[in-house]
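Trainee: I'm new to this one, could you walk me through it slowly?
Mentor: Gladly; have a look at it, and then ask whatever comes to mind.

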Amino acid sequence: MKDKSIKIALVGNPNAGKSTLFNSLTGLRQKTGNFPGVTVDKKFGKLTLEKAGAASVEVMAVDLPGTYSVYPKSADEAVVMDILANPAHPDYPDVVLVVVDGSNLLRNLLLFTQIQDLGLPTVLALNMLDVAQNMNLKVNAVQLAMNLGVPVVNINARTGSGIPQLKEALLHVIEHFEPASPRFFYDTTADYPDLINEVKREYKIDNDYLAMQYVCQHDNFTFVEIPERVKLDGIIEKHQFDKQAFLSAETIGRYEKLRPLVAKVVKSEGEIEQPYWTRLLDRIFLHPVGGYFSFAAVLILVFQAIFAWASYPMDLIDEGTANTIAWVKNVLPEGVLSDLLTDGIMAGIGGVIIFIPQIAILFALVAILEESGYMARVMIIMDKLMRKFGLNGRSVVPLISGVACAVPAIMTTRSINSRYERLLTILVTPLMSCSARLPIYAILIALVVPATKVLGIFNLQGLVLFGLYLLGLIGALASAWVISLFVPRKEPSYFMLEMPSYKLPRWGHVGMSMYESVRSFVLEAGKIIVAISIVLWVLASYGPGDRMDRAEERVTASMTNAAPDQVDAAVASTRLENSYAGSFGHFIEPAIRPLGYDWKIGIALLASFAAREVFVGTMATIYSISGDSEDVLTVKQRLQQEINPETGQPMYNTAVGTSLLMFYVFAMMCMSTIAVVYRETRGWKWPMIQLVYMMALAYVSAFIAYQLLS
Amino acid sequence: MFVKTVSHLKRGEKGVIKSFTDPVMSLKLLEMGCVPGCTVRLDGAAPFGDPVCLNVGGQYCLSLRISEAATIEIE
């Protein structure tokens with residue numbers, strides 16, 4: 001299982017500077033991946049340890065999620081003990097580097113003493129001493145090292161000072177660590193001797209505290225199989241072990257020993273305050289008026305960025321894809337293979353990369369807001385409102401991110417520490433109008449909403465677009481509230497959030513976070529979108545028997561006098577009508593007739609089921625639009641001419657247009673989202689429930705809209 | 001009998017943590033550094049008074065809901 005290279009794990013409280021230290025240690029030699037068996041992002045990288053007069057050693061460092069104790073509060077944090085309690089884990093470390101915030105020593109040392117009691121070799125990196133100094137605190141590292149019995153190194157993760165000494169200390173521990181230190185910082189053995197001995201015997205564990213971890217959190221350990229968990233539950237029952245009482249006693253016991261120690265090590269002079277700037281900014285950002293006003297301003301800026309700024313690179317990508325496809329079609333000999341490559345694969349890839357600018361910009365902005373400390377304030381001012389709908393202040397970040405793309409947005413829910421609220425957030429996030437809906441909104445609004453001014457300043461089309469986004473948000477909140485009525489809450493909701501002081505963002509982190517979300521989108525959503533566009537290409541290119549060919553002959557025969565362009569377009573449209581996709585459109589027509597749709601829209605619904613952005617392109621093909629088929633204006637003009645054969649009136653009237661808009665606001669038309677929800681909730685139950693409820697919501701609202709307006 | 005909790009603190013007022021009323025919540029509070037004997041001060045509140053911002057032992061600022069603050073008994 002475990003390869004031979006030496007491994008270092010970085011562990012620490014959130015906001016202790018762990019990730020900054022990891023960047024300083026590994027620099028550009030870091031990679032990202034997943035921890036085996038779980039979906040938490042893993043950052044790892046190589047570094048070289050050296051000291052004077054000795055050979056250098058190449059080691060692998062892994063950055064573990066930040067946590068306040070060994071008892072996890074979220075899916076992210078559970079990874080830490082899943083690795084540290086399992087010597088067979090491929091990432092099990094040879095030495096644990098505990099990063100400690102020197103300005104908040106007492107709370108940070110709680111986690112340290114727990115890691116130490118697990119019997120793991122440790123090195124303590126004392127960070128944030130500059131902050132401590134500003135708070136008039138002096139930390140004596142030597143005394144701390146003597147009291148704890150581990151190497152303590154003063155570092156500054158931001159400037160990189162102390163890193164050489166830290167590397168030396170790590171090397172020293174790797175070479176000289178003596179296992180099995182019998183001295184526990186907090187002794188659990190005395191209180192539960194029989195329980196611990198039985199677990200130690202049963203699972204061949206040497207360490208008493210590790211045995212207690214088996215007792216307390218075996219349900220979080222992926223390496224403990226179900227029958228073993230049941231057996232452990234039996235042992236716990238037999239010894240009448242009260243977990244809550246133990247956990248409280250342990251934490252209080254550790255603090256009781258830590259307090260005199262910290263008092264010895266830290267010299268404090270005078271009162272401690274949050275920095276001046278933090279207090280000043282909080283007076284604005286937490287103010288009843290100023291707080292919401294500035295949040296609204298930030299949101300407007302974010303929207304401006306992802307819609308206005310992102311349009312330039314998106315236009316370039318769009319043009320680039322169209323040109324490449326045209327070029328390849330020119331170069332390759334005509335045929336099925338060329339069509340598959342261009343209309344299937346390349347069109348699919350184009351459909352993926354077109355969204356990269358919006359996702360990159362949005363997640364860079366979210367990272368800046370998080371890094372600066374502002375996002376914590378947003379969570380605080382939104383918590384009370386979110387709670388009314390069964391959500392949490394922390395749900396705000398995924399909901400905002402959902403405006404770009406639900407796939408990375410759903411991944412950001414991992415930081416929500418209540419499982420229940422995380423699930424609710426996952427279930428409603430896809431209702432936020434993502435960027436893939438925008439082209440659909442654009443064309444339908446252009447079709448049914450007149451471009452008149454309202455009150456002299458607002459463009460009616462713009463107002464309707466804003467209204468659709470608002471409708472998505474209202475739909476998300478209302479659905480969360482309704483779901484919370486049906487799904488019982490198993491655990492109490494809690495908020496508890498450390499309020500960091502305001503800082504300048506670290507640009508390296510912003511870049512990494514941006515890269516990560518683009519990567520997850522391309523890998524998660526991209527794979528599916530490309531695969532589906534190939535399937536769709538097949539469905540639209542082939543039909544039962546020789547129906548397509550015969551239809552083509554009929555059209556060509558009847559259009560002998562028409563221009564070649566028009567003939568081509570008419571042929572494409574006829575072929576599509578007689579393909580498998582066309583047959584499906586006819587097949588579902590009775591079901592969508594109450595919404596005002598015909599079989600042509602049926603084809604577009606099928607095509608966009610996997611990825612809604614396919615809608616406009618399919619409409620263009622169905623209505624046999626020649627030339628630049630993705631151009632909204634051309635498609636719009638063609639759709640306006642379409643006549644409903646039954647009424648003799650234009651097909652795309654206000655009723656049908658509104659009905660389609662309602663449908664696309666609520667419908668779960670995205671295979672990638674289903675896939676990511678499956679992965680994040682570990683099962684098909686929730687993605688299926690989500691698919692059904694969103695589709696029902698879409699159908700019912702489209703039905704009501706059509707019936708009221710027609 | 002009236003038991004004073006953090007939720008009764010006024011802005012700028014201090015208290016010393018005595019005990020907790022909710023076992024599940026207490027563990028989380030303990031891990032966040034709210035230990036019996038520790039001095040806390042109410043630094044501020046979000047709009048509409050919930051959640052509140054609590055200075056814990058002069059070390060850092062913790063934001064928590066009124067319902068969570070009400071489980072911390074002080075004197």
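What follows is a conversation about the contact between the chains, the strands, and a few single residues.

Trainee: What should I know before I start?
Mentor: This is a predicted model, in which local features need pLDDT of at least 70 and side-chain atom pairs count only at pLDDT 80 or more, while totals for chains, interfaces and linings use all residues. Residues are numbered from 1 along each chain as its sequence is written, chains are lettered from A and ligands numbered from 1 in the order in which they are written, and side-chain values use heavy atoms, with hydrogens and water left out.

Trainee: OK, how many residues of chain A are in contact with chain B?
Mentor: There are 41 residues of chain A in contact with 33 residues of chain B, where contact means heavy atoms within 4.5 Å.

Trainee: And how much area do they bury between them?
Mentor: The two chains bury about 3,300 Å² between them, and 60% of that is on carbon and sulfur atoms. Buried area here is the accessible area, taken with a 1.4 Å probe, that two parts lose on being put together, summed over both.

Trainee: What is the count of salt bridges between chain A and chain B?
Mentor: The count is three, a salt bridge being a side-chain nitrogen of Lys or Arg within 4 Å of a carboxyl oxygen of Asp or Glu. One of them joins Arg387(A) to Asp50(B), with the closest N and O atoms 3.0 Å apart.

Trainee: Which elements of chain A supply the side that touches chain B?
Mentor: Helix H3 (105-117), helix H10 (243-265), helix H16 (374-387) and strand S12 (497-499) of chain A each supply at least two residues of that side, and the largest share, seven residues, comes from H10(A). Helices (H or I, at least four residues) and strands (E, at least two) are DSSP runs, numbered from the N terminus.

Trainee: What classes of residue are on that side of chain A?
Mentor: The side of chain A that touches chain B has 21 nonpolar, 10 polar and 10 charged residues. In this scheme Ala, Val, Leu, Ile, Met, Phe, Trp, Tyr, Cys and Pro count as nonpolar, Asp, Glu, Lys and Arg as charged, and the others, Gly among them, as polar.

Trainee: Which strand of chain B does S12(A) pair with?
Mentor: S12(A) pairs with strand S4 (residues 60-64) of chain B, in the antiparallel sense and over three bridges; two strands pair if DSSP finds at least two bridges between them. Within that pairing, Leu497(A) stands opposite Ser63(B).

Trainee: Switching to chain A on its own, is strand S1 largely enclosed or open?
Mentor: Strand S1 (residues 6-12) of chain A has six of its seven residues buried, so it is largely enclosed by the rest of the structure. Buried means under 20% relative accessible area, exposed over 50%, and partly exposed in between, with a 1.4 Å probe and protein chains only.

Trainee: What does S1(A) pair with?
Mentor: Five bridges join S1(A) to strand S4 (residues 57-63) of chain A, in parallel, and five bridges also join S1(A) to strand S5 (residues 95-101) of chain A, again in the parallel sense. Leu10(A) has Asp63(A) as its bridge partner in S4(A) and stands opposite Leu97(A) in S5(A).

Trainee: Back to Asp50(B), what kind of peptide bond joins it to Pro51(B)?
Mentor: That bond is cis, with omega about -5 degrees, and Pro51(B) is placed in the loop between strand S2 (39-45) and strand S3 (52-56) of chain B. Phe48(B) lies in that loop between S2 and S3 of chain B too, and has a phi near 70 degrees, a positive value in a residue other than glycine.

Trainee: Why bring those two up?
Mentor: Because most residues other than glycine have a negative phi, and most peptide bonds are trans.

Trainee: Is Phe48(B) buried or exposed?
Mentor: Phe48(B) counts as exposed, because its relative accessibility is 62%.

Trainee: Last one, where does Ala476(A) lie, and what does it touch?
Mentor: Ala476(A) lies in helix H21 (residues 460-486) of chain A, and counts as buried because its relative accessibility is 0%. Not counting residues up to four places away in sequence, Ala476(A) touches Val428(A), Leu431(A) and Met432(A).
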